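Open the model in your viewer and keep a selection tool at hand. The stops below say what to select next and what is there.

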Amino acid sequence: MNLSDQQKLICEQIINVFETGSMQGNYAAISIFHDGPNGIRQVTYGRSQTTEYGNLEALIQMYVDSHGIDSEKLRPYLPKIGVTPLVDDQVFQQLLKDAGKNDPVMRKVQDDFFDKLYFQPALKWADGNGFTLPLSALVIYDSFIHSGSIPDFLRKRFAEVPPNKGGDEKNWISEYVDARQNWLATASNAALHPTVYRTQCFKNEISRNNWDLTLLPINAHGVSVSGV
Amino acid sequence: MNKSKIARLVFKMVFGYFLLVLPTPETLASDFLPERYELIPENWTPSLEQTRDYLDESFKANAEAPQQTLNQMSKNLADISDAQLFIVYIRLVQTLDARGQAELFDEQQRWLAERATAAQAAVISKGGSLAPLEYSGAFKKITDERLGELQKRLQQARNINPSK
C-alpha cells in the first residue's frame with residue numbers, strides 16, 4: 001500500500017487525537033496500571049503507550065543509542081527495565097517525562113519506534129490481505145493501536161472476505177467498522193461504550209466516500225485534521 | 001561443713017535457681033494479652049464513598065475523553081474499589097479470632113491471585129491501548145463483588161457481636 005506523506009500524517013494525527021486529544025500526541029505521558037505480569041503494577045509510557053514489561057526497554061535502548069539529552073542518565077536503567085519493578089522509581093519516571101517533554105530526540109525516537117511497532121505491522125497486514133485504499137489503512141492502523149491487531153472474533157461477525165480472497169475492499173472495511181462499533185457499543189464492560197467515537201469517525205468518512213483521505217479537514221472527535 | 005551451713009547452701013542454690021528461671025517481663029506480659037488485638041482505633045473510620053462517587057460522576061461526564069484519559073480514570077476507580085476492599089478486609093479481620101484471621105488471610109490470598117488471572121483474561125485487546133480499560137473494568141467489577149461479600153460478612157459479625 002502506497003500512502004503519500006500527507007496521507008500517513010493524517011492517519012497519525014487522527015490516531016493521536018483518539019489517544020491523547022491532540023494531533024501532536026503526548027510524548028511525555030506516563031500512567032501506572034495493574035496490567036503487568038500476574039496483575040502487578042507497571043509503568044506505561046509515551047505517545048502510543050508502551051509498557052515496562054512490554055517494549056519499554058526497546059524504546060529506551062533506541063533513545064540511549066540516539067544520544068538524547070537524557071540518554072546517559074537513562075542508560076543505567078536499561079538492565080532493570082522489565083526485571084526490577086520501576087513503578088515506584090520517581091527519578092526514572094521524571095527522566096522519562098523530561099525526555100518526552102523537552103528532547104526532540106525522544107520525540108523522533110518515539111515516532112520511529114511506534115511506527116515500527118504499530119504502523120508498519122498494520123500496513124503489512126493490509127498489504128497481505130490486498131487492501132490498497134488510504135481510508136482502509138487508517139481503519140486497520142486504528143485497530144492495531146486500539147486492539148493490538150484485527151481481532152479474529154470480529155472478522156467472524158461479517159460475511160465479506162478480504163480483497164486478496166476476492167472480496168470487495170470497501171465492503172470489507174465498512175462491515176469491519178460496523179462489527180467493531182457494535183462490539184464496542186455493547187461490550188459487557190460499559191467503559192468501552194463511549195470509545196465508539198473512533199468508529200463513528202470512520203463511518204462518517206465512509207459516508208463521505210473519502211477513501212483517499214482527500215476531503216479535508218476530517219473531523220476526528222471534534223478536532224479538524226488536515227495532515228499539515 | 002556442718003549441717004546448718006549445708007542447709008543454707010542448699011537454700012541459696014534453690015532460691016538462686018528460682019531467681020534464674022523467673023519469667024521475663026515479656027513472658028509475663030504475654031500471659032495477660034487478649035486473644036485478639038484491636039487493629040484499628042474505634043473512632044478511626046476513613047471513608048472513600050465521596051471520592052468514589054466523584055470519580056464515578058467524572059468518568060460518566062468525560063465518557064468521550066481520549067483513550068489515555070479514559071484509561072487513567074478507569075484505573076482510578078479500580079484503585080478506589082481496591083482501597084475500600086482493603087478497609088473492609090481489615091475491619092473483618094478485627095472481628096475474628098486467631099484461627100479465623102489465618103483462614104481469611106489464606107482465602108484473600110487465593111482470591112487476589114484469582115482476580116489477577118480473571119482480569120487478565122478479560123483483556124481482548126492484547127497489546128492495544130484499549131487493554132488497560134478492559135483490565136481496569138474487569139478488575140473493578142471483580143473487586144466490587146468481593147467488597148459486597150466481605151461487607152455482608154462484616155455486618156453478620158457485628159450483628160453477632162455489636163462491640164466489633
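**Stop 1: a helix pair in chain B**

Select residues 67–94 and 131–160 of chain B: helix α4(B) and helix α6(B) pack there at an angle of about 20°, with their axes 8 Å apart. Because of that angle, α4(B) is roughly parallel to α6(B); angles under 35 degrees count as roughly parallel, over 145 as roughly antiparallel, 65 to 115 as roughly perpendicular and the rest as oblique. Axes are lines fitted to C-alpha atoms, for helices over the stretch in contact, and angles run from 0 to 180 degrees between N-to-C directions. Helices (H or I, at least four residues) and strands (E, at least two) are DSSP runs, numbered from the N terminus.

The crossing of α4(B) and α6(B) is left-handed, meaning that the near helix is turned anticlockwise from the far one by less than a right angle. Residues of this contact divide into 14 nonpolar, 8 polar and 7 charged. Ala, Val, Leu, Ile, Met, Phe, Trp, Tyr, Cys and Pro count as nonpolar, Asp, Glu, Lys and Arg as charged, and the others, Gly among them, as polar.

This is a predicted model, in which local features need pLDDT of at least 70 and side-chain atom pairs count only at pLDDT 80 or more, while totals for chains, interfaces and linings use all residues. Residues are numbered from 1 along each chain as its sequence is written, and chains are lettered from A and ligands numbered from 1 in the order in which they are written.

**Stop 2**

Now show both chains: 29 residues of chain B are in contact with 25 residues of chain A, a contact being two C-beta atoms, placed from the backbone, within 7 Å. On the chain B side, α4, α5 (98–121) and α6 each supply at least two residues. The most come from α6(B), with 8 residues. By class, this side has 13 nonpolar, 11 polar and 5 charged residues.

**Stop 2: helix α1 of chain A**

Select residues 5–20 of chain A. How many residues of α1(A) are buried? The count is 12 of 16, among them Ile10(A), Ile14(A) and Phe18(A). The buried residues pack against α6 (134–147), α9 (197–207), β4 (218–220) and β5 (223–225) of chain A, together with α4 of chain B. Just after the helix, Gly21(A) takes a positive phi of about 95°.

**Stop 3: backbone exceptions in chain A**

Most residues other than glycine have a negative phi, and most peptide bonds are trans. Go to the loop between α9 and β4 of chain A, where Leu213(A) lies. Leu213(A) has a positive phi of about 55° although it is not a glycine, and it counts as buried, with 24 C-beta neighbours inside 10 Å. Pro217(A) is in the loop between α9 and β4 too; a cis peptide bond joins Leu216(A) to Pro217(A), with omega about 5°.

Finish at His67(A), in the loop between α2 (56–65) and α3 (71–74) of chain A. Its phi is near 55°, a positive value in a residue other than glycine. His67(A) is exposed, with 9 other C-beta atoms within 10 Å.

Definitions and conventions. Buried ≥ 20, exposed ≤ 12 C-beta atoms within 10 Å, placed from the backbone.
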